[in-house]
There are 2 protein chains.
Amino acid sequence: MKKAISDPLGQPGPAVVSDDTLRGFIGYRMKRAFNVLQADLTQTLKPFELRMLTYTALTLIVDNPGLRQSQLADAMDVERPNLVIVIDELERRDLIVRDRVPTDRRAYALRVTLAGRQLYEKAFAAMKDHEKRMLEGLDAETCKTVIAALETIQKHHAKG
Amino acid sequence: MKKAISDPLGQPGPAVVSDDTLRGFIGYRMKRAFNVLQADLTQTLKPFELRMLTYTALTLIVDNPGLRQSQLADAMDVERPNLVIVIDELERRDLIVRDRVPTDRRAYALRVTLAGRQLYEKAFAAMKDHEKRMLEGLDAETCKTVIAALETIQKHHAKG
DNA sequence: AGAAGATAGTTATACCAAGTACCTATCTTT
DNA sequence: AAAGATAGGTACTTGGTATAACTATCTTCT
């Protein structure tokens, strides 16, 4: 039930807190929307013991078999050191393997295992449901506009 | 300059990493867009030694003088414990004060100081520039659509 | 009035995300 | 063969978020 902020017994402070100034910033809106999205996403992936980062990595490995860790780090926009623990975790759970690259003994070729692919398929289905939940109340046209705008914002200021 | 991923000497891994599957998720787009936005925002606020959280808190205190910490926590969608260190920091820098509420000795009424307001005004101007940068390339109609969509996503799944 | 329960702020703690500095092993270039 | 670049990794730091539990007050109910 609603908090009785304006309850005269509840006394001090403004009856209702205004965030009008902040709402003038797109970042404020994005943060708040992303927070609720991420909360739902976390719950969505919990049954598979995946987080956003591990799911993202798993997906990119499924779609790009044999890619190297540095390529994955670039694609995910994370620093190489931070990717290591993600890959460690996926490998420890036997969802992926680090194959040595014969022609470059520094590099690993990342590949999904059978178990990894099976988990991925289930998680993907759950993510599709999550996506549907998130976009409830938005028509297709609006979605396209939003997606294009997000891409514009991202690409326009992407680090060179 | 561009990484020569497809350089035949650079050898292994896919020539180009595809993220088509992930791009089917609005969350992926939002995260990436928000990441670049936050990077710019962090730089924007750095001269004032403010972070997104401290700027947000300062703004809400300026706009809602006398509000209590719990109201601020609610408005910011952060847990009360996490707000404490934010308020501590603003108070330590003499940007705000914690006034005791005479009618409820448990509560604090938060108010901006003169120094706080002056810093706020400067930061606000910088934030307006930041906002303009972020929305470069998007017309007003698109902005409205995006903002409405973000609000729909947020409100629809707001924690009751 | 007095006990029971709620609320405001706080402390301590934990986890995850993100970033930097630096190291080793290998590859490339000259 | 030496110098520099690259792949992956270790160690460490910071920041955001979350929960449990504590103290002090306030409210409610009998």
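**Entry 1: Asp77(B) and Arg32(A).** I looked up this pair in the predicted model and found that the two side chains form a salt bridge at 3.3 Å, N to O (a side-chain nitrogen of Lys or Arg within 4 Å of a carboxyl oxygen of Asp or Glu). The contact crosses between chains: Asp77(B) sits in the loop between helix 3 (69–76) and helix 4 (80–92) of chain B, and Arg32(A) in helix 2 (residues 26–45) of chain A. I take helices (H or I, at least four residues) and strands (E, at least two) as DSSP runs, numbered from the N terminus. Asp77(B) is partly exposed at 34% relative accessible area, whereas Arg32(A) is buried at 14%. Buried denotes under 20% relative accessible area, exposed over 50%, and partly exposed in between (1.4 Å probe, protein chains only).

**Entry 2: Arg29(B) and Glu151(A).** I noted a salt bridge of 2.2 Å, N to O, between these side chains. Arg29(B) belongs to helix 1 (residues 26–45) of chain B and Glu151(A) to helix 7 (residues 140–156) of chain A, so the pair joins two chains. Both Arg29(B) and Glu151(A) are buried.

**Entry 3: Asp99(B) and Arg111(B).** I found these side chains in a salt bridge at 3.0 Å, N to O. Asp99(B) lies in strand 2 (residues 96–101) and Arg111(B) in strand 3 (residues 104–112) of chain B, 12 residues apart. Asp99(B) is partly exposed at 28% relative accessibility, and Arg111(B) is partly exposed at 35%.

**Entry 4: Overall tally.** I recorded 24 salt bridges over all chains.

**Entry 5: Conventions.** Residues are numbered from 1 along each chain as its sequence is written, with chains lettered from A and ligands numbered from 1 in the order in which they are written. Local features need pLDDT of at least 70 and side-chain atom pairs count only at pLDDT 80 or more, while totals for chains, interfaces and linings use all residues; side-chain values use heavy atoms, leaving out hydrogens and water.
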